[in-house]
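Subject: Structure handover and findings

Hi,

Here is the structure for you to look through. My notes follow below it.

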Amino acid sequence: MPDILIVEDDEAIADLICMNLASEGYQCTGAGDGMEAVCALEQGSYDLVLLDIMLPKLDGYALLEQIRPTGTPVIFITAKGAVEDRIRGLKAGADDYLVKPFQIGELLARVEAVLRRRLPGGETLRLGDVIVRTDSRQVEKGGCPVILTAKEFDLLVELLQNKNVALYRERLYEKVWNEPFLGETRTLDSHIQRLRKKLGWEDRIKTIFRVGYRLEG
């Protein structure tokens, strides 16, 4: 059962996150400021840290520097939503970046995706007659290999790991291309179109108006 450290000084938000994670079977530990989080990290190990940036005593960036050598994945959860803030957070080594206010469903999907990526030995993802092996980066449809580019493969994995969840274009772009989304959609949209064609998923990968895409399964 994954153990998650929630570093958040707003008690109401921390309680809401903990309650919803616990309902999904996660173990949760809370820390209300940066120094309390340091103590928690020294006393135990965690599978994931949900980290606010604006914290008393020690801010999230400074705390991330201490977490990074341990290899523990970190999702920033913060009200700092400007592009330059996302750039700084991702370049600092955060595995994901979620801006407040957020939907609990989106948080749960991101937690699940980050934890799945950290599983040893990769994983095998399936939908219909499509099989994706993340360790060997192989894709099959109906028993026949499907040739994808590196970005097409990464995009496919992101969609499969968040099946039935509406994903914002900016989130997909930042996760697959590992750089901030600046509003240009042609690159992402063209990759989606090629995935639809190669996998015969014209009806599975839905376009969500003013949001992005959802893989239905």
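Which residue takes a positive phi in the hairpin of β11 and β12? R210 does, near 65°, and three residues lie between the two strands.

First, the ground rules. This is a predicted model, in which local features need pLDDT of at least 70 and side-chain atom pairs count only at pLDDT 80 or more, while totals for chains, interfaces and linings use all residues. Residues are numbered from 1 along each chain as its sequence is written, and side-chain values use heavy atoms, with hydrogens and water left out.

Helices (H or I, at least four residues) and strands (E, at least two) are DSSP runs, numbered from the N terminus. Two strands pair if DSSP finds at least two bridges between them.

**Around β12**

Strand β11 covers residues 205-208. Four bridges join β11 to β12, and the two run antiparallel. K206 has R214 as its bridge partner in β12. Strand β10 (residues 167-168) is also joined to β12 (residues 212-215), by two bridges and again antiparallel. There, Y168 has G212 as its partner.

**The parallel sheet**

Five strands make an open sheet with parallel pairing, in the order β2-β1-β3-β4-β5. β2 (27-31) and β5 are the edge strands, each pairing on one side only. On average, neighbouring strands are turned by 20° against each other, direction ignored. Axes here are lines fitted to C-alpha atoms, for helices over the stretch in contact, and angles run from 0 to 180 degrees between N-to-C directions.

Inside the sheet, β3 (residues 48-51) and β4 (residues 74-78) pair over three bridges. L51 has F76 as its bridge partner in β4. Two helices to look at pack on this sheet. Helix α1 (residues 11-23) touches β1 (3-7), β2, β3 and β4, and its direction makes about 165° with that of β1. α4 touches β4 and β5, at about 150° to the direction of β5. Contact means heavy atoms within 4.5 Å.

**The antiparallel sheet**

A four-stranded open sheet has the order β6-β7-β8-β9, with antiparallel pairing. β6 (124-127) and β9 (144-145) stand at the edges with a single partner strand each, so one side of each has no neighbour in the sheet.

β6 and β7 pair over four bridges. R126 has I131 as its bridge partner in β7. These two strands form a hairpin with two residues between them, and G128 in the turn has a positive phi of about 60°.

β7 (residues 130-133) and β8 (residues 138-141) are also joined by four bridges. V132 has V139 as its partner in β8, and R133 stands opposite Q138.

Helix α6 (residues 150-161) lies across β6, β7 and β8, running at about 110° to β7.

**A pocket**

What is the volume of the second largest pocket? About 300 Å³. On a 1 Å grid over the protein atoms alone, a pocket is an open set of points where a 1.4 Å probe fits, with protein on both sides within 12 Å along at least five of seven lines; lining residues have an atom within 4 Å of a point. Points are joined across faces, edges and corners, and the volume is the space filled by probe spheres set on them.

Of its 17 lining residues, L98, Q103, E106, R110 and Y168 are the closest to the centre. β5 (96-99), α5 (104-117) and α7 (169-177) each give two or more residues to the lining. β5 has the largest share, with four. By class, the lining has eight nonpolar residues (Ala, Val, Leu, Ile, Met, Phe, Trp, Tyr, Cys and Pro), two polar and seven charged (Asp, Glu, Lys and Arg), where polar means the others, Gly among them.

**Salt bridges and a cis bond**

The count comes to 17 salt bridges, each a side-chain nitrogen of Lys or Arg within 4 Å of a carboxyl oxygen of Asp or Glu. One of them joins R86 and E174 (2.8 Å, N to O). R86 lies in helix α4 (residues 83-91) and E174 in helix α7, so the pair ties together parts that are 88 residues apart in sequence.

Last, a cis peptide bond joins K100 and P101, with omega about -5°. P101 is in the loop between β5 and α5.

Best wishes
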